[in-house]
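Subject: Handing over the structure

Hello,

I am passing a structure on to you, and I would be glad if you kept it open on your screen while you read. My notes follow directly after it.

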Amino acid sequence: SFLLSLHMIKSMTGFGLASTDHGSVKFSVEIKSLNSKFLELGLKIPKAFSDKELYLRNLCNKAIERGKVSMAITVERSEESQKGASINETLLKKYYTQLVEVNKSLGADISNLLPSVLNLPEVITYTEEEASESEWEILEATFQKALKNFGQFREDEGKVLKADLELRIKNILGFFAEVETLAPLRIPHIKTRLTQFLEDTVGKVNYDQNRFEQELIYYIDKLDITEEQTRLKSHCDYFVATLKDKDANGKKLGFISQEIGREINTMGAKANDAQIQQLVVGMKEELEKIKEQLLNVL
């Protein structure tokens with residue numbers, strides 16, 4: 001359990017299968033899940049165990065949490081262990097004579113009618129199986145085993161998701177490191193460009209140098225992305241830390257990814273630099289992949 005607790009996030013996609021042979025009876029439980037905002041549970045259960053449905057649903061609520069889940073429980077009995085099947089002779093004769101008449105009037109072949117009649121409703125009836133307490137105990141143990149396998153599958157898928165999410169954040173931070181290098185270089189470039197523009201249009205002696213410096217400071221302040229850089233780095237670090245946290249879940253990681261997106265967007269809007277804009281696009285692409293993956297995190 002300690003080893004499992006090191007890895008915290010789980011995938012919402014899961015699969016678990018377990019079966020138990022008990023004498024002439026085979027019990028099987030299969031659980032599959034896909035992502036969903038809530039727990040949507042479809043449960044197929046043999047009639048003989050229908051009184052246990054609520055108990056099984058409660059077990060699933062605790063163990064599965066979220067996901068679109070389909071669960072099938074089957075009980076296969078060997079022929080000799082099945083309670084006898086009986087044929088309703090009166091109904092069979094009625095169906096058979098009617099079908100013979102219809103076939104004759106159509107000029108159709110009547111040599112192979114009997115197998116078809118046997119498949120018609122209510123011709124063959126089976127005595128309903130009664131489930132014993134010992135059978136229920138075996139079924140419950142099989143169910144718990146399938147749930148455990150299902151949980152392990154989700155853990156294993158979670159490891160794959162975690163590795164991918166960490167890689168995406170690493171890629172964002174890679175683009176970010178390039179932005180940090182380029183950001184300070186914009187200021188001298190902007191100053192040179194504006195000075196040149198003023199000199200070309202009004203002449204060097206015709207503008208107030210001090211006023212120009214003040215306006216330039218105001219303009220450059222509008223382009224400053226220092227705060228966004230600090231917050232983006234902080235959010236990325238928090239995302240990676242949360243991935244390793246025991247309370248990690250898709251919703252919490254989703255909120256952090258929204259904050260990351262906000263800083264990337266603001267940085268892109270304020271950067272006013274073609275190279276930085278390209279890096280911002282790269283970050284956005286990685287963030288989209290993160291958001292897609294988070295839909296599958298429990």
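This is a predicted model: local features need pLDDT of at least 70, side-chain atom pairs count only at pLDDT 80 or more; totals for chains, interfaces and linings use all residues.

Residues are numbered from 1 along each chain as its sequence is written, and side-chain values use heavy atoms, with hydrogens and water left out.

The whole chain

The protein chain has 9 helices and 6 strands, where helices (H or I, at least four residues) and strands (E, at least two) are DSSP runs numbered from the N terminus. Of its 298 residues, 35% are buried; a residue is called buried under 20% relative accessible area, exposed over 50%, and partly exposed in between, using a 1.4 Å probe and protein chains only. The chain exposes about 18200 Å², and carbon and sulfur atoms supply 54% of that area, which was computed by the Shrake-Rupley method with a 1.4 Å probe. Among contacts (heavy atoms within 4.5 Å) between residues at least 6 apart in sequence, 79% join residues at least 24 apart.

Single residues

K10 is found in the loop between α1 (2-6) and β1 (14-22), and K10 is partly exposed, with a relative accessible area of 27%. Leaving aside neighbours within four places in sequence, K10 is in contact with R154, E155, G158, N296, V297 and L298.

R168 lies in helix α5 (residues 133-201) and counts as buried because its relative accessible area is 16%; apart from neighbours within four places in sequence, R168 is in contact with E286, K289 and I290.

Most residues other than glycine have a negative phi. E65 lies in the loop between α2 (53-64) and β4 (67-77), and E65 is partly exposed, with a relative accessible area of 47%.

A search of the whole structure finds 0 disulfides, where a disulfide is a pair of cysteine sulfur atoms within 2.5 Å. C60 is buried, at 0% relative accessible area, and C236 is also buried, at 0%.

The largest pocket

About 350 Å³ of space lies in the largest pocket. Of the 15 residues that line the pocket, the closest to its centre are G250, K251, G254, L294 and L295. A pocket here is an open set of points on a 1 Å grid over the protein atoms alone, where a 1.4 Å probe fits and protein lies on both sides within 12 Å along at least five of seven lines, and lining residues have an atom within 4 Å of a point; the volume is the space filled by probe spheres set on the points, which are joined across faces, edges and corners.The largest share of the lining, 6 residues, comes from α8.

Best wishes
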